[in-house]
Amino acid sequence: MTRVYRAHVFHIEGSPAQTAVPDHLVSLPDGALVVDDAGRIAWLGDFAALPTPYRDAPVIRADYLLPGFVDGHIHYPQSYATAAHGGGQLLEWLDHCIFPTEGQFADPDFADRAARYFTRRRIAAGTTAAMVFGSAFPVAQDALYRETLRAGLRIVSGRGVQTVGPAAASALLTGEQEAIDLVADEIDRWHAVDTGDPRTARIQVGIVPRFSLSVTRRTLAAMGELYDEVRGKGVYFHSHLNENNRKGDGEIAAVLGGYGTSTYLDTYDGRFEEGSKVGGKTLLGRRSTLAHAVHCHPVELARMAETGTSIAHCPTSQLFLGSGTMPWRSTFASGVNVSLGTDVGAGDEWLISRVAGDAYKVHISEPGEDGTAIHPAELLFAATLAGARALDMEHAFGNLDAGKDADFLLIDKALWEPLDGMLTMGIRSDDEGQATLEELFTLLMGLRQPAIAGVYVQGRRAIAPEL
């Protein structure tokens with residue numbers, strides 16, 4: 001049945017370059033989104049201009065309507081580890097908090113409950129699509145895909161590959177050939193399982209090493225060979241890059257010292273031999289996302305832009321682990337697509353709009369001329385369309401253009417009193433354009449999960465599983 005959703009609509013129309021996003025902001029104070037029987041967007045515009053064929057359709061009211069949030073980087077096996085006290089930065093936190101908690105996912109009953117919990121948290125936060133770092137255990141991955149299918153959400157995931165690591169990670173390690181065999185099996189069984197076509201599928205799979213420290217040159221070479229075989233099927237690549245730059249013994253120092261490469265990115269680009277000599281095939285490309293990228297060299301940013309590789313920016317996580325600040329202006333200037341990621345559990349917040357809030361706060365505080373007040377439209381773009389672009393699914397979702405799948409959120413400000421107060425009673429500029437930006441900014445900064453009244457994917461309401 002065709003339905004009309006009436007609300008104040010915000011979205012970024014078209015397919016703009018990151019530098020042109022503010023010019024593509026659409027604000028419809030009394031807007032109408034028409035969703036057809038197939039779950040696609042049939043029309044968007046002012047409610048007063050609703051075309052005649054849709055005037056008898058049922059109308060659902062809300063205060064605001066936004067595209068569904070896209071989480072560019074989130075860890076399923078860290079669902080219960082948010083706000084975990086690790087006693088240090090990244091590597092200490094992994095040893096003390098993360099490796100032990102991820103080991104629990106070998107138990108099928110635990111994994112089933114965690115998959116339901118993870119799916120519930122995604123729906124509560126309005127995350128319609130996500131790049132999900134998966135569990136090392138196939139039983140847990142199977143549970144994740146099953147619950148995602150039942151709920152009607154979108155996912156790209158892949159088992160977390162580790163073939164080497166500290167004693168704390170021993171439960172997560174496999175042999176190198178076993179690691180490749182398990183990834184290949186996951187791709188065979190789950191990639192595009194719902195439609196058979198990666199251009200339309202809601203369930204998709206990636207090759208996902210934890211980071212370069214968790215694998216060897218031999219593993220990287222084997223992953224490159226596998227990716228070369230399956231890249232044409234729309235399989236993804238996902239990992240971490242340049243997160244922690246503690247001198248001497250941090251992540252970046254350990255990668256460069258262990259591989260002897262010129263840059264961290266070289267290890268994923270097939271240049272993992274001593275001196276950055278080519279040892280295998282690249283893992284970079286249009287369906288590749290690297291999380292964090294806090295401490296990149298210009299040559300790394302240029303290479304990511306050249307290959308179409310995206311960055312998942314995780315400011316909430318970077319604050320929590322003391323990882324530093326990804327420089328916003330220079331990263332954008334490089335031409336790399338930048339989406340937002342919660343990085344649960346290093347990020348202690350599931351709601352992408354709150355991550356956008358942290359991005360605003362972090363980058364306005366960058367020292368000197370690097371400090372920038374991110375435009376409200378750019379925040380919305382990073383939370384929605386940039387994520388769809390990173391997943392190479394911009395043709396299907398990410399905004400509310402006619403013809404796309406109807407992935408959207410309904411927001412009722414009365415469900416969260418502070419949001420209602422800010423939006424109803426807050427002072428706005430007399431200039432209409434500026435007032436629109438102020439309203440969008442307040443909506444993104446003030447939104448909390450209780451105010452998300454409906455989460456829709458392909459026009460169907462997402463259904464949270466029971467625990």
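Predicted model: local features only at pLDDT ≥ 70, side-chain atom pairs only at ≥ 80, totals over all residues.
User: Where in the fold is Leu391 found?

Analyst: Look for helix H12, which covers 385-390, and then for strand S14 at 408-411. Leu391 is found in the loop between helix H12 and strand S14.

User: Is Leu391 buried or exposed, and why?

Analyst: The cut-off for buried is under 20% relative accessible area. Leu391 has 5% relative accessibility, so Leu391 counts as buried.

User: How many residues apart in sequence are Leu391 and Leu149, and how many Å apart in space?

Analyst: Along the chain, Leu391 and Leu149 are 242 residues apart. In space, going C-alpha to C-alpha, the distance between Leu391 and Leu149 is 18 Å.

User: Which residues line the second largest cavity?

Analyst: This cavity has a volume of about 60 Å³. Its lining is made of Ala129, Ala130, Arg154, Ile155, Val156, Ala201, Arg202, Gln204, Tyr236, Leu391, Met393 and Phe397.

User: Which elements give two or more residues to that lining of the second largest cavity, and how do the residues divide by class?

Analyst: Strand S6 (127-133) and strand S7 (155-158) are the elements giving two or more residues. By class, the lining of the second largest cavity divides into nine nonpolar, one polar and two charged residues.

User: What about the largest cavity: which residues lie nearest its centre, and which helix gives the largest share of its lining?

Analyst: The largest cavity has a volume of about 100 Å³. It is lined by 14 residues, and His75, Leu90, Leu94, His240 and Glu243 lie nearest its centre. The largest share of this lining is three residues, and they come from helix H1 (residues 90-103).

User: Moving on to pockets, how much space lies in the largest pocket, and which residues are the closest to its centre?

Analyst: The space in the largest pocket comes to about 290 Å³. Of the 17 residues lining it, the closest to the centre are Arg286, Gly308, Asn337, Arg389 and Glu394.

User: What classes of residue make up the lining of the second largest pocket?

Analyst: The second largest pocket has a volume of about 160 Å³. Its lining residues include Arg40, His395, Asp405 and Gln458. Sorted by class, the lining has two nonpolar, four polar and five charged residues.

User: Which residues touch the most other members in the largest nonpolar core?

Analyst: In soluble globular proteins, nonpolar side chains tend to be buried together. The largest nonpolar core here has 111 residues. Those touching the most other members are Tyr76, Trp93, Ile207, Leu241, Tyr268 and Met304.

User: What is Ile207 in contact with, leaving aside its neighbours within four places in sequence?

Analyst: The contacts of Ile207 include Val183, Ile187, Met223 and Leu226. Further along the chain, Ile207 is also in contact with Tyr227, Val230, Val235, Tyr236, Phe237 and His238.

User: Which residues does the UniProt annotation "domain: Amidohydrolase-related" cover, and how far apart do the end C-alpha atoms of that span lie?

Analyst: The annotation comes from an unreviewed UniProt entry and covers residues 64-437. In the model, this span is 39% helix and 14% strand. Its end C-alpha atoms lie 14 Å apart.

Notes. Residues numbered from 1 in each chain as written. Heavy atoms only, no water. 1 Å grid on protein atoms, 1.4 Å probe; cavity = no way out; pocket = protein on both sides within 12 Å on 5 of 7 lines; lining within 4 Å. Points joined across faces, edges and corners; volume = space filled by probe spheres on them. Nonpolar A, V, L, I, M, F, W, Y, C, P; charged D, E, K, R; others polar. Core = buried A, V, L, I, M, F, W, Y, C linked by side-chain atoms within 4.5 Å. Buried < 20%, exposed > 50% of the residue type's maximum accessible area, 1.4 Å probe, protein only. Contact = heavy atoms within 4.5 Å. UniProt positions renumbered as here; feature names shortened; annotations may be inferred. Helix = DSSP H or I, 4+ residues; strand = E, 2+ residues; numbered from the N terminus.
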